[in-house]
Amino acid sequence: MLREFGLKVSKSSVGRYYERVSANRFAKIQREKRMALEPELSPAEAYEALLRRIAVLAWEEMDQPLEDINHKVVVELVRVLIAARREKHTATRVWVERRKAENLDGAGGIEALEKGDKEEAICELSPMLVERKAPHLPVC
């Protein structure tokens with residue numbers, strides 16, 4: 001170090017530096033190995049995994065004695081979970097309404113509604129609801 005950089009350092013300082021650099025290198029190699037073993041997740045799968053992890057974190061925080069619980073953290077985590085559930089419900093409602101419109105439009109459901117025949121219009125919507133595993137409508 002003295003010849004190379006003009007710095008006077010002890011052997012123990014060099015040893016501590018080498019240990020730290022070596023530990024960082026080892027941790028980086030371990031991370032890369034773990035990443036290679038984990039399957040590549042789609043964005044939707046990664047989002048689901050993230051929500052599961054958030055739920056686990058909230059449960060772990062709530063599992064502590066009452067005086068040790070960080071209530072602000074729990075509230076924030078639960079807010080994220082509620083927002084995700086609301087987002088999922090909204091997406092489902094949008095999907096159902098879109099399918100209703102497609103079925104009404106393409107299968108003669110609009111004409112049935114215009115004639116005032118609600119049963120016929122419901123029958124036109126039945127295939128859409130069966131695909132989504134929704135409750136069954138009256139059999140046509």
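This is a predicted model: local features need pLDDT of at least 70, side-chain atom pairs count only at pLDDT 80 or more; totals for chains, interfaces and linings use all residues.
Does Phe5 count as buried or as exposed, and at what relative accessibility?

Entry 1: Phe5 has a relative accessibility of 55%, and because the cut-off for exposed is over 50%, Phe5 counts as exposed. I located Phe5 in helix α1, which covers residues 2-5. I then looked up the surface around this residue and found that Phe5 belongs to a nonpolar patch together with Met1, Leu7, Val9 and Val14. The accessible area of these five residues together is about 470 Å².

**Entry 2: The overall fold.** I next recorded the secondary structure, which consists of six helices and zero strands. Along the sequence I read the pattern α-α-α-α-α-α. The protein has 140 residues, and 14% of them count as buried. I noted an accessible surface of about 12200 Å² for the protein, with 59% of this surface belonging to carbon and sulfur atoms. I also looked up the contacts with a separation of 6 or more: residues 24 or more positions apart account for 31% of them.

**Entry 3: Helix α3.** I checked the length of helix α3, which runs over residues 43-62. At 1.5 Å a residue, its 20 residues should span 28 Å, and the end C-alpha atoms lie 29 Å apart, so the two values agree. Which residues of α3 are buried? I found Leu51, Ile54, Ala58 and Glu61 to be buried in this helix. These residues cover an arc of only 90° around the axis and therefore lie on the same side of α3. I reminded myself of the general rule that an α-helix has 3.6 residues a turn, so residues three or four places apart point the same way. On the face of α3 turned away from the buried side, I found the exposed residues Arg52 and Trp59.

**Entry 4: The salt bridge.** How many salt bridges does the count come to? I recorded one salt bridge. Glu76 forms this salt bridge with Arg79, and the closest N and O atoms are 3.2 Å apart. Both residues belong to helix α4, which covers residues 71-106. Because Glu76 and Arg79 are three residues apart in this helix, about one helical turn separates them. I then looked up the accessibility of each partner. Glu76 has a relative accessible area of 45%, so Glu76 is partly exposed. Arg79 has a relative accessible area of 53%, which means that Arg79 is exposed.

Conventions. Residues are numbered from 1 along each chain as its sequence is written. Side-chain values use heavy atoms; hydrogens and water are left out. Patches are made of residues with over 30% relative accessible area and no salt bridge: like charges are joined within 9 Å, nonpolar side chains (Val, Leu, Ile, Met, Phe, Trp, Tyr) within 5 Å. Accessible areas come from the Shrake-Rupley method with a 1.4 Å probe; for residues, only the protein chains shown count as cover. A salt bridge is a side-chain nitrogen of Lys or Arg within 4 Å of a carboxyl oxygen of Asp or Glu. Helices (H or I, at least four residues) and strands (E, at least two) are DSSP runs, numbered from the N terminus. Buried means under 20% relative accessible area, exposed over 50%, partly exposed in between (1.4 Å probe, protein chains only). The expected span of a helix is 1.5 Å times one less than its number of residues. The arc is that of the directions from the helix axis to the C-beta atoms. Contact means heavy atoms within 4.5 Å.
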